[in-house]
Amino acid sequence: MSYVLCCVDGKNYSQSACDYAVMISNNMKLPLKFLNIIEHSSKSEKLDLSGNIKLGEKDDILEQRVEEEAIKSKLAIKEGKELLVSLKKRALITCSNEITLIQMHGDVLENILVFQKEIAVLIIGIKTQENHKIGDNVKDIIREINKPILLVNNEFITPKKLLIAYNGSEKAKKFLKESSIKPIFKNIHRDIVNVNDDKTASEKLLNEVKEFYIKQEIPVEISALSGDAKTEILIHLSQNDCDILAIGAFGHSRIKEFIFGSITSDILAQCKKPILLFK
Amino acid sequence: MYQTIKKEWFSNIRGDILSGLVVALALIPEAIAFSIIAGVDPKVGLYASFCIAVVIAFVGGRPGMISAATGAMALVMVTLVKDYGLQYLLAATLLTGVLQIIMAYIGVAKLMSFVARAVVVGFVNALAILIFMAQLPELTNVTWHVYALTIVGLGIIYLFPYVPKIGKILPSPLVTIVVLTIFVYFAGVDVRNVGDMGQLPDTLPIFLLPDIPFNFETLQIIFPYSIALAVVGLLESFMTTTIVDELTDTKGDKTKEARGQGIANIASGCIGGMAGCAMIGQSIINVKSGGRGRLSTFIAGFFLLIMVVFLSDIISIIPMAALVAVMIMVSIGTFDWGSIKRLKTLPLSTNIVMLSTVGVTVYTHNLALGVITGVLFASLFFANKISHFMYCNISYNEDKSSKTYQFVGQVFFNSADKFYETINFKEVLDKVIIDISRAHFWDISAVYALDKAVIKLRREGADVEVIGQSEATKTIIDRFGIHDKPEEIEKVMGGH
C-alpha cells in the first residue's frame with residue numbers, strides 16, 4: 001500500500017511541510033504518514049585530548065557515552081513525539097485520509113529507504129538561507145530515493161501555478177503521464193518551460209505536452225526559453241508568480257556532478273519556492 | 001558507495017585529525033617498546049606501525065580502530081627473531097598476511113562466536129599483564145634514577161589532565177616524554193635512552209622483499225610462527241572491533257577487518273616492518289579523544305612516520321623510563337578492571353575460564369594458546385551444564401512386572417553415562433519400556449548407551465521395548481542448519 005510520507009524534524013518548516021503533505025494526501029487520496037527520525041551521534045561534545053587511559057577507562061567511557069546519549073535520545077524522542085502529535089492535530093482539520101505517526105532510530109536516509117517502495121510522494125522540509133547549501137542528508141535522500149520528492153523551503157501557500165521544467169526525456173514523459181493519472185497537485189495551472197537554444201525543437205516538444213494537457217482539460221501554458229537553464233528557470237519562476245517548481249532530479253554520478261556542477265543542485269540552492277523533484 | 005566513503009572518512013574531520021595526532025604520539029613509544037620486546041631495531045616497529053595504520057585506514061572493516069605493531073604479536077615472534085633473524089621475521093610477516101586473507105575468505109569471523117565472553121575478558125587481561133611484564137627488563141638491574149623517572153612519568157600522565165585549561169588539550173603521555181627527556185638531557189642523568197636500543201628510521205620506508213632463500217625449509221621455519229601470528233592478530237583485532245563497536249554504538253565488519261589485517265601485514269612485511277594487529281589501548285585512546293572515522297587511523301599512521309623520520313635525533317634521546325611509564329599506562333588502561341570487580345558475582349565456571357585463559361597466556365606468552373585453553377574450558381563447562389538437562393520419569397504397571405522409563409532431555413557424550421546408570425538392572429522385570437520419544441539423542445555416544453542398556457536388559461531376561469527410537473536417533477545432528485527452522489527446534493526442545 002502506498003502513502004504520502006512527510007519527514008519532520010521540527011527545525012525546518014515542519015508545519016509547512018505538514019500542510020503540503022495534507023494537500024497532496026487529499027489530492028492523491030492516499031493515507032498520510034509522518035516520520036520523525038531520532039538521529040544518533042556517538043560523538044562526544046566534550047573535547048578530551050589528554051590521551052591517557054586509566055584503570056577501567058573503557059567502562060568509564062562507555063558509561064559516559066551511554067549517559068550522554070541517553071539524555072539526548074530521551075529529549076529527541078520527547079520533542080519528536082510532541083511535534084508529531086501537534087502535526088497530526090493540525091493535519092486532522094483538513095486531511096480526509098488516515099494519518100499515522102512513526103518514530104524511528106538511526107540514520108535519516110536508511111530509515112526512509114526502508115519505506116521507499118511504499119512511498120508515493122516524499123515531503124521534507126529544508127533549511128533556507130540566502131544562497132544556502134543543501135544539507136548532506138537532503139542531498140543523499142535526493143540521490144537515493146526514486147520517488148517524487150517535495151522539498152518545502154517556505155511557508156505554505158495554496159499553490160495555483162506549477163512550473164514544470166521539461167526536457168522531453170523519457171523520465172520526464174513518464175512523470176507527466178503518472179501525474180495526470182494520480183495528480184500530486186490538482187486544479188492547478190501548469191506552466192511548462194523548456195530551455196534549449198534550438199527554438200524549433202523546443203517548440204515541438206512543448207506543443208506535444210500542451211496537447212497532452214489540453215486532452216486532460218488541464219490549463220496549461222508553454223514557454224520556450226534559451227540561455228543558461230538555471231538562471232532562465234529561476235527568472236521565469238519569479239516573473240510568472242509560480243508557486244512550485246517541478247524539475248527532474250537526474251541520477252548524476254558524483255564525479256560528473258563534481259566536475260560539471262549540477263543544474264538541479266544549483267536550482268535547489270537558489271530557488272525560494274517549494275521544489276518537486278521527479279525521477 | 002560514495003556515501004559510505006563520505007561517512008567513514010569525512011563525517012568527523014576535526015575530531016579525527018585531533019585524535020589521530022594524540023594516537024600518533026602514543027603509538028611512538030608503543031612501537032619502540034614492542035620492537036624491543038620482539039628483539040628488533042625500533043625502526044622495524046615504527047615502519048610497521050606507520051604502514052599498518054595507514055593501510056588499515058583504507059582496507060579495514062572497523063572505522064576508528066587503531067592497528068599497528070602490537071605487544072601480542074611481538075611476543076609470538078621473539079624466538080623466531082632470536083634464532084633466525086630479521087629477514088625471517090619479514091618473511092613470516094608476509095605469510096601471516098596471506099594466511100589472514102585466506103582465513104577471512106573461509107569465514108573465520110564466524111568462528112569468533114565460539115570464543116566465550118569470559119575468554120575475551122581473559123585475553124584482554126592477559127594482554128595487559130604481558131605488556132606490563134614486558135616492561136620489567138627495563139626496571140631490573142637499574143639505578144634508582146630509573147624508578148624515580150618512571151614514577152614521575154606516571155604521575156604526570158595521570159595528574160596532568162587535571163591542570164585547568166591545558167590539561168585536556170595536551171596529551172599527557174606526550175608531556176611526560178617531553179618533560180623527562182628535557183630533564184634527563186640537561187641534568188645529565190645517566191639512564192638508558194631509545195638510541196641505545198637500536199636503529200631508528202632516518203628515511204622514508206622503501207619497498208624490499210625479505211632476503212631469504214625461498215624454499216621449503218624456510219617455509220617450515222616460518223609457518224608455525226605465521227599461523228600463530230595470524231591467529232593472535234585476528235583475535236585481538238576482532239576483540240578490539242567488539243570494544244570499538246560497543247563504545248561507538250556502531251557495527252564493524254569482521255570479515256573485512258580480517259582481510260584488511262592481512263593486506264596491512266603484507267604491506268608491512270614489504271617495507272621491512274613486523275606483523276601487527278588492532279590495539280585495544282590505542283583504540284580506546286582514539287575513541288576517548290573523539291576519533292570515529294577512518295581518517296583518525298590514517299592521520300595516526302601518517303604523523304607517526306613524519307615525526308619519526310624528521311625527529312629521529314630527538315627521539316633517540318628519550319629516556320627508556322619515559323616509555324616504560326607510557327607502557328605501564330597502556331597496560332593499566334587495557335586491563336578490564338570491571339572483570340575483577342565482577343569476579344565475586346559471576347559463576348565459578350566463568351571465572352575459571354577467564355583465569356585459565358590469563359594463566360596459560362602469561363605462562364606461555366602466547367595469546368593463541370590462552371584462547372584455545374579458554375575456549376576448551378568454556379565448551380566443557382557448557383557440555384556439563386547441558387547434561388543436567390535430562391531427567392527420567394519412572395512408572396510401573398499394576399502388578400509391577402513391567403516398568404517404563406520415560407527419558408526427557410538431552411542425551412550426548414556427557415550425559416550418556418547418566419542415561420545408562422538411570423536404568424536399574426538389579427530389578428527383576430518381565431518387561432521394560434524405554435520411552436525416548438521426548439529425549440534428544442545428539443551423538444553416537446548416546447545411541448551406544450541406549451544399545452548397551454537394551455542388551456543388558458535382554459540378557460537379564462526382560463522384554464525390551466523402545467518407544468520413539470527411530471525418531472530419536474534420526475535426529476543425531478550432523479546436518480547443521482536444519483535446526484534453524486522453528487519446527488525442528490521444537491522437536492529438539494519438546495520431544496518428537
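Predicted model: local features only at pLDDT ≥ 70, side-chain atom pairs only at ≥ 80, totals over all residues.
Two strands count as paired here if DSSP finds at least two bridges between them. Strand β4 (residues 119–125) and strand β5 (residues 149–152) of chain A run parallel and are joined by four bridges. One of the residues involved is A:Gly125, whose bridge partner in β5(A) is A:Val152. In general, the strands of a sheet pair through backbone hydrogen bonds, in either a parallel or an antiparallel fashion.

This pair belongs to a wider arrangement. Ten strands of chain A make up an open sheet with mixed pairing, and their order is β3-β2-β1-β4-β5-β10-β9-β6-β7-β8. The edges are held by β3 (99–105) and β8 (220–225) of chain A; each has a single partner strand, so one side of each is left without a neighbour in the sheet. On average, and ignoring direction, neighbouring strands of this sheet are turned by 20° against each other. Two helices of chain A pack on the sheet. Helix α1 (residues 14–28) of chain A touches β1 (3–7), β2 (32–38), β4 and β5 of chain A, and its direction makes about 160° with that of β4(A). Helix α2 (residues 57–94) of chain A touches β2 and β3 of chain A, with a direction at about 165° to that of β2(A).

Beyond its neighbours within four places in sequence, A:Leu83 is in contact with A:Val8, A:Gly10, A:Ser14 and A:Asn36. For A:Val8, the separation along the chain is 75 residues, while the C-alpha atoms of A:Leu83 and A:Val8 are 8.2 Å apart.

The two chains meet through 22 residues of chain A, which are in contact with 39 residues of chain B. On the side of chain A that touches chain B, α2(A) supplies the largest share, namely six residues. Sorted by class, that side of chain A holds nine charged, seven polar and six nonpolar residues.

Turning to chain B, its secondary structure comprises 22 helices and six strands. Its C-alpha atoms fill a box of roughly 100 × 50 × 45 Å along the principal axes. Of the 496 residues in chain B, 50% are buried. Among contacts in chain B between residues at least 6 apart in sequence, 84% link residues at least 24 apart. The domain assignment divides out domain 1 (2–341) and domain 2 (389–494) of chain B, and the centres of these two domains, taken over C-alpha atoms, are separated by 55 Å.

Within chain B, helix α12 (residues 280–288) is mostly covered, with nine of its nine residues buried. Its buried residues include B:Ile280, B:Ile284, B:Ile285 and B:Val287, and also B:Gln282, B:Asn286 and B:Lys288. Just after α12(B) comes B:Gly290, with a positive phi of about 100°.

The largest nonpolar core has 140 residues, and B:Met77 and B:Leu304 touch the most other members. Helix α2 (residues 13–38) of chain B gives the most to this core, contributing 16 residues. As for B:Met77, once its neighbours within four places in sequence are left aside, its contacts are B:Ala38, B:Leu89, B:Ala92, B:Tyr225, B:Leu229 and B:Met274. In soluble globular proteins, nonpolar side chains tend to be buried together.

Chain B also has an open sheet, made of four strands in the order β3-β4-β5-β6 and mixed in its pairing. Here β3 (390–396) and β6 (463–467) of chain B are the edge strands; since each has a single partner strand, one side of each is left without a neighbour in the sheet. Neighbouring strands of this sheet are turned by 15° against each other on average, direction ignored. Strand β4 (residues 402–411) and strand β5 (residues 431–441) of chain B pair in the parallel sense over nine bridges, and B:Ser402 has B:Lys431 as its bridge partner in β5(B).

How values were computed
Residues numbered from 1 in each chain as written. Chains lettered and ligands numbered in written order. Axes fitted to C-alpha atoms, helices over the stretch in contact; angles between N-to-C directions. Contact = placed C-beta atoms within 7 Å. Nonpolar A, V, L, I, M, F, W, Y, C, P; charged D, E, K, R; others polar. Buried ≥ 20, exposed ≤ 12 C-beta atoms within 10 Å, placed from the backbone. Domains from an automatic or database assignment. Core = buried A, V, L, I, M, F, W, Y, C linked by C-beta atoms within 7 Å.
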